2 protein chains.
Amino acid sequence: MEKLDETDLKILRILQHDSKKTTKEIADTLHLSASPVYERIRRLEKKGYIKRNVALLDKKLIGRPITAICMVSLRYHNEGFIDKFDQQIKELKEVQECYHMAGKVDFFLKINLESLDAYHEFIRSKLSKIDNIGVLESYFVLKEILHTTAYYF
Amino acid sequence: MEKLDETDLKILRILQHDSKKTTKEIADTLHLSASPVYERIRRLEKKGYIKRNVALLDKKLIGRPITAICMVSLRYHNEGFIDKFDQQIKELKEVQECYHMAGKVDFFLKINLESLDAYHEFIRSKLSKIDNIGVLESYFVLKEILHTTAYYF
DNA sequence: GCTGAAATCCTCTCGGG
DNA sequence: CCCGAGAGGATTTCAGC
């Protein structure tokens, strides 16, 4: 698939907001029959445009109300050290997002936990155990103003 | 629903990783028949534990490869000003996440765009048009180390 | 709350334009 | 690329335990 046409884009826009829409429903809004929509979705999945389908949960209801943003700078910046940091971060299930950044801060982390106590314990027993961390700054989310997984395109 | 039992939790853990799993598949792994799994999922949706089901797209393939983290501090902090900021941010489709923070930084924003030029234009023509912004600092994502919507529970 | 069966709807395939 | 039809499954409901 070299390029997506407008129909593909429309399908992606629908599915990134509601992946439970049936092919028939989508077909109806696009004035098509089910088969081409079905085939297109399958192609979009196969080619990686759609990475996965997930349920988004309510973090407060499931008992993980605390979100922290953590800014980390490494002490040493050789390739080996950065790769090792990557690996170690991926082991930490509490980390939802981790980005390697350009600039004076090396990494942004988004961490989700059940309480502030748990955060304290997380920093103490897990994050600070990772070698090579120079600076570590934590910020706490007071309120989620906006949170979507959809892209604007 | 006052409290979730272990079966509910297992269902949520499965669905937040793959919402396309059929009730039958889930029922098999939990050694149940399809009906109770079906009923539980419906209850979990109705009660808000499951907020929505979405397709996660590949941002590079759909042409939105640039992610920026933006830290914003307001000049004035009255209630009215904060609410107004919330409202104005929600209008900006390029903003995927916005958190009101505790500490010297007031807001974290995650912004997704097609290019650095588009980011420049976004700041110039949209973000900086919002009243009351005091400090605005941008960071760019070099590499996404980890990005999941699943919670660890 | 669970099971099993039955009805309905959707998914998925395929012949044809 | 699309349509339409048909077989096989999944969803959804419900009586019974």
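In this predicted model, a phosphate oxygen of DNA strand D sits 3.1 Å from an N or O atom in the side chain of A:R40. A phosphate oxygen of DNA strand D is also 2.7 Å from a polar backbone atom of A:S33. Chain B takes part as well: an N or O atom in the side chain of B:Y38 is 2.7 Å from a sugar or linking oxygen of DNA strand D.

DNA strand C has polar contacts of its own. There, a side-chain N or O atom of B:R40 lies 3.1 Å from a phosphate oxygen, and a polar side-chain atom of B:S33 lies 2.6 Å from a phosphate oxygen. A polar side-chain atom of A:Y38 is 2.7 Å from a sugar or linking oxygen of DNA strand C. The table lists these contacts.

| Residue | Part of the residue | DNA strand and atom | Distance |
|---|---|---|---|
| A:R40 | side chain | D, phosphate oxygen | 3.1 Å |
| A:S33 | backbone | D, phosphate oxygen | 2.7 Å |
| B:Y38 | side chain | D, sugar or linking oxygen | 2.7 Å |
| B:R40 | side chain | C, phosphate oxygen | 3.1 Å |
| B:S33 | side chain | C, phosphate oxygen | 2.6 Å |
| A:Y38 | side chain | C, sugar or linking oxygen | 2.7 Å |

**Surfaces near the DNA**

The residues around DNA strand D come from both chains: A:L32, A:S33, A:S35, A:P36 and A:R40, along with B:T22, B:T23, B:K24, B:S35, B:Y38 and B:R42. By class, this surface has three nonpolar, five polar and three charged residues. At least two residues of the surface are supplied by each of helix 3 (34-46) of chain A, helix 2 (23-30) of chain B and helix 3 (34-46) of chain B. Of the atoms of DNA strand D within 4 Å of the protein, sugar or phosphate holds 76%, and the rest belong to bases.

Around DNA strand C, chain A gives A:T22, A:T23, A:K24, A:S35, A:Y38 and A:R42, while chain B gives B:L32, B:S33, B:S35, B:P36 and B:R40. Of the atoms of DNA strand C that come within 4 Å of the protein, 74% are in sugar and phosphate. The surface near DNA strand C is made up of three nonpolar, five polar and three charged residues.

**Contact between the chains**

Helix 5 (residues 116-125) of chain A has A:A118, A:Y119, A:F122 and A:I123 buried. Seen down the axis of this helix, the buried residues fall within an arc of 135 degrees, so they line one face of helix 5 of chain A. A:D117 and A:H120, on the other side, are exposed. The cover over the buried residues includes strand 2 (66-74), strand 3 (95-102), strand 4 (107-113) and strand 5 (133-147) of chain A.

In helix 5 (residues 116-125) of chain B, the buried residues are B:A118, B:Y119, B:F122 and B:I123. Their arc around the axis is only 135 degrees, which puts them on the same side of helix 5 of chain B. B:D117 and B:H120 are exposed on the other side of this helix. The buried residues pack against strand 2 (66-74), strand 3 (95-102), strand 4 (107-113) and strand 5 (133-147) of chain B.

Methods: Residues numbered from 1 in each chain as written. Chains lettered and ligands numbered in written order. Predicted model: local features only at pLDDT ≥ 70, side-chain atom pairs only at ≥ 80, totals over all residues. Heavy atoms only, no water. Near = heavy atom within 4 Å. Polar contact = N/O pair within 3.5 Å; in protein donor to acceptor, adjacent residues only side chain to side chain. Helix = DSSP H or I, 4+ residues; strand = E, 2+ residues; numbered from the N terminus. Nonpolar A, V, L, I, M, F, W, Y, C, P; charged D, E, K, R; others polar. Buried < 20%, exposed > 50% of the residue type's maximum accessible area, 1.4 Å probe, protein only. Arc of directions from axis to C-beta. Contact = heavy atoms within 4.5 Å.
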